[in-house]
Amino acid sequence: MTTPAIEPGLTGTLPPEEYTTKTMPHWGQTYDGAMAAYKGMDYVSVAFATDAEKAAALIPKELELIAIPALPGMASANLVFAKYRECDLGPYMEVIISIAVLHQGRPYGYVPAIYVDNDAALLAGRELGGYPKKMARITMRNYGNLFLSQMSRGSIQTKTVDPNFNDLASSSVTKGDKLFSVPLPADRTDDLPYPYNLLLPLPPSTGEPQDYVLPTVALKRFPGVGPGPNGHAGAEVLQLVGTPWHITQADVYAGDVASMEIYPSEEDPIGRLLPCNAVLGAFVLQGSMYTKSDEWMVLEDLKKNNSA
């Protein structure tokens, strides 16, 4: 029996300008890479003290923790539940766990864990910013001024009699008095009471109304393909990416009563890696924001740094 010859057919006609300028799949983009606007946002943030040594183990050497002088041996982290009612990526919910860090003296929130319930948000975050996003079930309910939030994920672990075996995080925050509004005033910088002066540092006035910017940084890694020089492919892209989030219209409120918990699992052990030792404070932000991918920047090329 002879093997039939394989004859070539037509050459591909897909033009490079189509697949080099659009996000995947090019024939039905999951997201637009240019800009994302968020409206009708509830952003509930709880700051907590965690072990400095454990926090340092989650960040690369190019970053430094922000010390807490009153709490030696501790570092500051945040658990955020966010609801985006209107967004260019589609409405979605998000949970962000961040660590307060410095890069070359500038403050950022480094994101070691983040969860969403929308595939466009997941792909845009991972492919553009390097955020280590996973899918999760997220709920946020507010009863008057009380915000109750919860996140869970399916698990491949052995099921137990506990009906909440797949819970990963929760928070309870009571919205208090308004701290400030955005745009920020053109001619003054408000003095916030402790601990909000540390949780929400306000920039100096510029003579013009201005946005409030939340800067974050994430570790972007795209694995390579093939055995590579050391028997594995390694990383094709390995970068620290900085992202500014512009709060454009918002009211920011104190979190008078706040509690939180992060539950560790085998697949998501962040609660064990970054334990909550004490709640430092909380705030509730309600309003609008945007981010533009052309403002995102590579702070460090870690592939280059580690090969030097």
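Where is Gln104 found? Gln104 sits in the loop between E4 and E5, and we will come back to it below. Welcome to this protein, a predicted model in which local features need pLDDT of at least 70, side-chain atom pairs count only at pLDDT 80 or more, and totals for chains, interfaces and linings use all residues. Residues are numbered from 1 along each chain as its sequence is written, and side-chain values use heavy atoms, with hydrogens and water left out.

**Overall picture**

- The protein has six helices and 13 strands; helices (H or I, at least four residues) and strands (E, at least two) are DSSP runs, numbered from the N terminus.
- Taken along the principal axes, its C-alpha atoms fill a box of roughly 85 × 55 × 45 Å.
- Of the 308 residues in the protein, 44% are buried (under 20% relative accessible area, with exposed meaning over 50% and partly exposed in between, for a 1.4 Å probe and protein chains only).
- Take the contacts (heavy atoms within 4.5 Å) between residues at least 6 apart in sequence: 67% of them join residues at least 24 apart.

**Pocket and cavities**

- A 1 Å grid over the protein atoms alone is used here: a cavity is a set of points where a 1.4 Å probe fits but cannot get out, a pocket is an open set with protein on both sides within 12 Å along at least five of seven lines, and lining residues have an atom within 4 Å of a point.
- Grid points are joined across faces, edges and corners, and a volume is the space filled by probe spheres set on the points.
- The largest pocket has a volume of about 1200 Å³.
- Its lining counts 45 residues, and Asn78, Ala100, Leu198, Leu199 and Pro201 lie nearest the centre of the pocket.
- Strand E4 gives the largest share of this pocket lining, six residues.
- There are three cavities of 30 Å³ or more, and the largest cavity holds about 150 Å³ of space.
- Among the 20 residues lining that largest cavity, Ala36, Ala124, Leu128, Thr291 and Trp296 are the closest to its centre.
- Strand E1 (35–51), helix H3 (119–129) and strand E12 (278–292) each supply at least two residues of the cavity lining, and H3 provides the largest share, four residues.

**Two buried strand residues**

- Met260 lies in strand E11 and counts as buried because its relative accessibility is 12%.
- Met260 and Ser45 are 215 residues apart in sequence, yet 10 Å apart in space, C-alpha to C-alpha.
- Beyond residues up to four places away in sequence, Met260 touches Val46, Phe48, Leu79, Ser170, Ser171, Cys276 and Val279.
- Ser288 has its place in strand E12, and its 18% relative accessibility is why it counts as buried.
- With neighbours within four places in sequence left aside, the contacts of Ser288 include Tyr38, Lys39, Gly40 and Met41, and also His246, Ile247, Thr248 and Gln249.

**Backbone details in loops**

- The peptide bond from Met24 to Pro25 is cis, with omega near -10°; Pro25 is in the loop between helix H1 (16–19) and E1.
- Tyr194 and Pro195 are also joined by a cis peptide bond, with omega about 5°, and Pro195 is in the loop between strand E9 (167–182) and H4.
- Back to Gln104: its phi is near 50°, a positive value in a residue other than glycine.
- Gln104 counts as exposed because its relative accessibility is 69%.
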